[in-house]
Amino acid sequence: MRGKLLFLTGLAAGFVLGSRAGREKYEEIRESAKKVWESPSVQEAAGVAQAQATKLYSEGKDKLQSSKLGEKLHVAGDDADSLTSSNSKATGTV
């Protein structure tokens, strides 16, 4: 019960403080965040992070496909594909 009361108190305080700051403060924070996001250094870091994530995803996918589990999933995927295509033929849908 005490935890709920503290949560509701925090929620009420956040609402009051947020509404006092109002729309102008929100717009100011939003513009500041937009400027930071659009800065060249942040965009460069985001590009590097995206490239690294893509590389890690590809490596993980390759490792999974070459594993026994990947082979089982691939076989199960082929069965599901053939089942889907045979159902499409039977119902006349594509």
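The predictor's confidence in each residue is expressed as pLDDT, on a scale from 0 to 100. For this predicted model, the protein has a mean pLDDT of 78, with 77% of its residues reaching 70 or more. Local features need pLDDT of at least 70 and side-chain atom pairs count only at pLDDT 80 or more, while totals for chains, interfaces and linings use all residues. Residues are numbered from 1 along each chain as its sequence is written, and side-chain values use heavy atoms, with hydrogens and water left out.

The protein contains three helices and zero strands, taking helices (H or I, at least four residues) and strands (E, at least two) as DSSP runs numbered from the N terminus. Where pLDDT is low, the predicted coordinates should not be read in detail.

The accessible surface (Shrake-Rupley method, 1.4 Å probe; for residues, only the protein chains shown count as cover) comes to about 8600 Å², and 63% of it belongs to carbon and sulfur atoms. Buried residues (under 20% relative accessible area; exposed is over 50%, partly exposed in between; 1.4 Å probe, protein chains only) make up 3% of the 94 residues.

Helix α1 (residues 2–38) holds both Glu27 and Arg30, three residues apart, or about one turn of the helix. These two form a salt bridge, their closest N and O atoms lying 3.2 Å apart; the rule asks for a side-chain nitrogen of Lys or Arg within 4 Å of a carboxyl oxygen of Asp or Glu, and the count comes to one. Arg30 counts as partly exposed because its relative accessibility is 45%, and Glu27 is partly exposed at 24%.
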